[in-house]
Amino acid sequence: MKRKAYILHTTYYLLLTVAVLLTVTVLLTTHYLLPTAFAANLYFYPQYIDTLENETFIVEVRLNTEGETVNALDISGSISNGIIESISADNSLIQIFVESSHTEKTFRITGGTPGGFSGDNVLVRLNIRAR
(Lines give C-alpha, C1' and ligand atoms only; values in the text may rest on other atoms or scores of the structure.)
Protein backbone atom coordinates (compact mmCIF):
# COMPACT_ATOMS: atom_id res chain seq x y z
CA MET A 1 0.00 0.00 0.00
CA LYS A 2 1.03 3.52 -0.73
CA ARG A 3 1.72 5.80 2.28
CA LYS A 4 0.17 9.27 2.12
CA ALA A 5 0.53 12.35 4.27
CA TYR A 6 -2.32 14.81 4.59
CA ILE A 7 -2.16 18.44 5.50
CA LEU A 8 -5.71 19.56 6.08
CA HIS A 9 -7.03 22.97 5.11
CA THR A 10 -10.56 24.28 4.96
CA THR A 11 -12.40 26.95 3.10
CA TYR A 12 -15.02 28.27 5.41
CA TYR A 13 -17.62 30.90 5.81
CA LEU A 14 -18.28 31.63 9.45
CA LEU A 15 -21.18 33.77 10.54
CA LEU A 16 -21.28 34.83 14.16
CA THR A 17 -24.51 36.50 15.17
CA VAL A 18 -25.32 38.34 18.34
CA ALA A 19 -29.07 38.74 17.96
CA VAL A 20 -31.95 36.38 18.61
CA LEU A 21 -34.72 35.75 16.08
CA LEU A 22 -37.05 38.33 17.65
CA THR A 23 -34.34 41.00 17.45
CA VAL A 24 -33.61 40.02 13.84
CA THR A 25 -37.29 40.43 12.97
CA VAL A 26 -37.43 43.85 14.63
CA LEU A 27 -34.20 44.98 12.96
CA LEU A 28 -35.27 43.83 9.51
CA THR A 29 -38.68 45.47 9.75
CA THR A 30 -37.11 48.77 10.83
CA HIS A 31 -34.41 48.55 8.08
CA TYR A 32 -31.35 48.48 10.34
CA LEU A 33 -28.33 46.29 9.67
CA LEU A 34 -27.88 43.13 11.69
CA PRO A 35 -24.67 43.29 13.78
CA THR A 36 -22.28 40.46 12.94
CA ALA A 37 -18.68 39.59 13.77
CA PHE A 38 -16.13 37.53 11.88
CA ALA A 39 -13.38 37.08 14.50
CA ALA A 40 -12.90 33.37 15.21
CA ASN A 41 -10.53 30.57 14.29
CA LEU A 42 -11.95 27.50 12.54
CA TYR A 43 -9.47 24.65 12.10
CA PHE A 44 -8.96 20.91 11.61
CA TYR A 45 -7.38 18.78 14.36
CA PRO A 46 -5.02 17.13 13.78
CA GLN A 47 -3.70 19.29 10.98
CA TYR A 48 -1.21 16.66 9.79
CA ILE A 49 -1.95 12.94 9.35
CA ASP A 50 0.34 10.18 8.10
CA THR A 51 -1.77 7.27 6.87
CA LEU A 52 -1.98 4.50 4.27
CA GLU A 53 -4.18 4.64 1.20
CA ASN A 54 -7.76 3.40 1.88
CA GLU A 55 -7.36 3.69 5.66
CA THR A 56 -9.95 5.72 7.54
CA PHE A 57 -9.20 8.38 10.11
CA ILE A 58 -11.13 10.95 12.12
CA VAL A 59 -10.53 14.67 11.91
CA GLU A 60 -12.15 17.18 14.26
CA VAL A 61 -13.54 20.44 12.91
CA ARG A 62 -12.87 22.81 15.82
CA LEU A 63 -13.79 26.40 16.62
CA ASN A 64 -11.86 28.85 18.80
CA THR A 65 -14.04 31.93 19.32
CA GLU A 66 -11.07 34.01 20.53
CA GLY A 67 -13.12 35.46 23.38
CA GLU A 68 -16.25 36.23 21.35
CA THR A 69 -19.63 34.62 22.04
CA VAL A 70 -21.07 32.52 19.21
CA ASN A 71 -24.81 31.88 19.04
CA ALA A 72 -25.15 30.51 15.51
CA LEU A 73 -22.89 29.39 12.70
CA ASP A 74 -22.97 28.31 9.09
CA ILE A 75 -19.79 26.56 7.93
CA SER A 76 -18.92 25.04 4.57
CA GLY A 77 -15.63 23.22 4.08
CA SER A 78 -13.85 20.92 1.70
CA ILE A 79 -11.01 18.43 1.61
CA SER A 80 -8.70 17.91 -1.35
CA ASN A 81 -7.57 14.32 -0.72
CA GLY A 82 -9.77 11.58 0.62
CA ILE A 83 -13.47 10.91 0.85
CA ILE A 84 -15.72 12.11 3.68
CA GLU A 85 -17.65 9.01 4.74
CA SER A 86 -19.63 10.43 7.66
CA ILE A 87 -20.06 13.32 10.10
CA SER A 88 -20.39 12.79 13.86
CA ALA A 89 -21.77 15.49 16.14
CA ASP A 90 -21.25 13.66 19.46
CA ASN A 91 -20.19 16.10 22.23
CA SER A 92 -20.45 19.05 19.83
CA LEU A 93 -20.77 22.62 21.04
CA ILE A 94 -23.68 22.91 18.57
CA GLN A 95 -26.85 21.97 20.42
CA ILE A 96 -29.38 22.65 17.66
CA PHE A 97 -28.52 21.46 14.15
CA VAL A 98 -30.36 23.02 11.22
CA GLU A 99 -28.16 21.20 8.69
CA SER A 100 -25.34 18.68 8.87
CA SER A 101 -24.56 17.31 5.42
CA HIS A 102 -21.65 16.11 3.31
CA THR A 103 -20.59 14.86 -0.09
CA GLU A 104 -17.35 13.00 -0.84
CA LYS A 105 -15.33 16.24 -0.79
CA THR A 106 -17.43 18.87 1.02
CA PHE A 107 -19.31 19.34 4.27
CA ARG A 108 -21.76 21.90 5.66
CA ILE A 109 -22.77 22.58 9.24
CA THR A 110 -25.51 25.01 10.25
CA GLY A 111 -26.80 25.35 13.77
CA GLY A 112 -26.59 27.14 17.07
CA THR A 113 -26.27 27.07 20.82
CA PRO A 114 -28.90 28.78 23.01
CA GLY A 115 -27.14 31.28 25.25
CA GLY A 116 -24.05 31.17 23.06
CA PHE A 117 -20.61 29.62 23.37
CA SER A 118 -17.17 31.08 24.05
CA GLY A 119 -13.91 29.14 23.95
CA ASP A 120 -12.32 26.32 21.94
CA ASN A 121 -14.33 23.17 21.23
CA VAL A 122 -15.30 20.52 18.66
CA LEU A 123 -18.03 21.32 16.13
CA VAL A 124 -18.10 17.92 14.38
CA ARG A 125 -15.84 14.98 13.58
CA LEU A 126 -15.29 13.90 9.98
CA ASN A 127 -14.65 10.24 9.19
CA ILE A 128 -12.36 10.33 6.11
CA ARG A 129 -11.02 7.54 3.90
CA ALA A 130 -7.54 8.23 2.50
CA ARG A 131 -7.15 8.30 -1.30
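This is a predicted model: local features need pLDDT of at least 70, side-chain atom pairs count only at pLDDT 80 or more; totals for chains, interfaces and linings use all residues.
**Entry 1**

I began with strand E6 (residues 56–64), which is joined to strand E11 (residues 120–129) by nine bridges, the two running antiparallel.

Next I asked which strand E8 (residues 83–88) pairs with. E8 pairs with E11 in the antiparallel sense, over five bridges. Here Ser86 stands opposite Asn127 in E11.

**Entry 2: the sheet of three strands**

I then turned to an open sheet whose three strands follow the order E7-E10-E9, with antiparallel pairing. Which strands stand at the edges? They are E7 (70–78) and E9 (96–102); each has a single partner strand, so one side of each is left without a neighbour in the sheet. From one strand to the next, I noted a twist that averages 15 degrees.

I also followed E7 to strand E10 (residues 106–117): eight bridges join the two, running antiparallel. A handy pair to click on is Leu73, which stands opposite Gly111 in E10.

**Entry 3: His102**

I picked out His102, which lies in strand E9.

I looked up what His102 touches beyond its neighbours within four places in sequence, and found Ile84, Glu85, Ser86, Ile87 and Phe107. For Glu85, 17 residues away along the chain, I noted a C-alpha separation of 8.3 Å from His102. Ser86 is the residue I had already marked opposite Asn127 in E11.

Conventions. Residues are numbered from 1 along each chain as its sequence is written. Side-chain values use heavy atoms; hydrogens and water are left out. Two strands pair if DSSP finds at least two bridges between them. Helices (H or I, at least four residues) and strands (E, at least two) are DSSP runs, numbered from the N terminus. Axes are lines fitted to C-alpha atoms, for helices over the stretch in contact, and angles run from 0 to 180 degrees between N-to-C directions. Contact means heavy atoms within 4.5 Å.
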